[in-house]
Amino acid sequence: MRWLRFAGLCASCVLWSVSQAGAISETDAAFRKQLQLRLIQAQPGEVIEIPAGKWQLNRGLSLNKSGVTLRGAGPDKTILSFAAQSFGAEGLLINAATGVTIENLAIEDPKGDGLKANGCKDIVIRNVRVEWTRGPDEKNGAYGLYPVQSERVLIEHSVAIGASEAGIYAGQSRAVVIRKNRVAFNVAGMEIENSSDVDVHDNEVIDNAGGILVFNVPDVPVKDGRRVRVFDNRIRANNTRNFARPGLIFTVPSGTGLMVMANSEVEVSGNTFEDNATTHALIISFMASGKPQNDSGFDPYPQSLWIHHNDFVGGGNAPDMHALKALRIAALAQKGRLPDVLWDGVTPRKQDAAQMQICLRDNGGATFMNFDWRGRFDQPSTDLAPHDCELPSLPPVSWPDLAASAGS
């Protein structure tokens, strides 16, 4: 038995005993009920503390109050286990709240997503671990840390392992900083989808199927994500099999370090790409995904990409998917491996490669190929001349309270 104390700014605190046996017991159920009650009754400025322990929950938790901090004793000490979850689509759902901080805890084995922030502002997720402990499995939840349609989001010093779509995902959001995290053994380590003004930096991105995805997709309310900076990350050995369920993410080739699809204004700099077995950077139009789209307001072409001052080491030696394996034959002049940067070569009919402004400079001896997807790979080209250009650097993502909310 362990005494559990929720300590906040309230004058009185609730104490009760909690059994930590593996199965859901009456005391485990009481723990979840009392925690959920505190989340419902929380007042702005309140800190709800959960002490060390592995707490078994069979239902998801939700928070829709602003100005609340939920704090554990550390992600290896305070563990919210949802292995026996039978109700709820997430481990923790934060809905339409402002000024919420979640820190120093772990969410393990949720039935669906780990921590979802929906329609929120000024959210801080710090030192949080979301993990599916059985390892890569299509039955795992789709997303680990999952802000969607949110604004001013900081995710730092956190870990995501085993998501069947993305460990850290920012969707249809604006002003997002994702830094100093570790993502491993997910289908996508990180996915930035239809989001604008995003900084992804100083992260360890290893052993996923795809490392970092920067996507725009059709048929969603926010269509035009742009101004994404991916810099100073280590993107290494993202060669785990793609274990996603059938869908768009299932088409991501295992062994891809970075994949940019249909985005504009993306700057990729200062990263170290190592041993990604298909290619370090894959740039494609939405058409090359093979998925249909009938959204007249959607621009399917990647444009204004500035890839510079990155290090590329190894990789390209064991490409995934039939089409990319065929490209390896065309790449024999590149010492038997696929080039470091691959582009599908798809442009609007009235534009050429230079007009797309996909610029590559100062990447050491990085190799490149336009693999001519529209022409069914008939005329691949390694000519870098149309891409020997540079673009203005994108401004840092910031907001007034970012520095104050940052951890050490």
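A residue is called buried when its relative accessible area is under 20%, exposed when that area is over 50%, and partly exposed in between, as found with a 1.4 Å probe on protein chains only. The model is predicted, so local features need pLDDT of at least 70 and side-chain atom pairs count only at pLDDT 80 or more, while totals for chains, interfaces and linings use all residues. Residues are numbered from 1 along each chain as its sequence is written, and side-chain values use heavy atoms, with hydrogens and water left out.

View 1. Strands (E, at least two residues) and helices (H or I, at least four) are DSSP runs numbered from the N terminus. From strand β7 (residues 78–81), Thr 78 and Leu 80 point one way and Ile 79 and Ser 81 the other way, and all are buried. Two strands pair if DSSP finds at least two bridges between them. Strand β4 (residues 53–56) runs parallel to β7 and is joined to it by four bridges, with Thr 78 as the bridge partner of Gly 53. Strand β9 (residues 98–108) also runs parallel to β7, through three bridges, and here Ala 106 stands opposite Ile 79.

View 2. Rings of Phe, Tyr and Trp (its six-membered ring) pair if their centres lie within 6.5 Å, and planes under 30 degrees apart count as stacked, over 60 as edge-to-face and the rest as tilted. The count by this rule is six aromatic pairs. Because Tyr 146 lies in strand β12 (residues 143–148) and Tyr 169 in strand β15 (residues 166–171), the pair ties together parts that are 23 residues apart in sequence. Tyr 146 is buried, with a relative accessible area of 12%, and Tyr 169 is buried as well, at 4%. Ring pairs also link Tyr 143 with Tyr 146 and Tyr 169 into a cluster.

**View 3. A charge over a ring.** A charge sits over a ring if NZ of Lys or CZ of Arg is within 6 Å of the ring centre and within 35 degrees of the ring normal. In this view Arg 59 lies over the face of Phe 87, at 4.0 Å from the ring centre.
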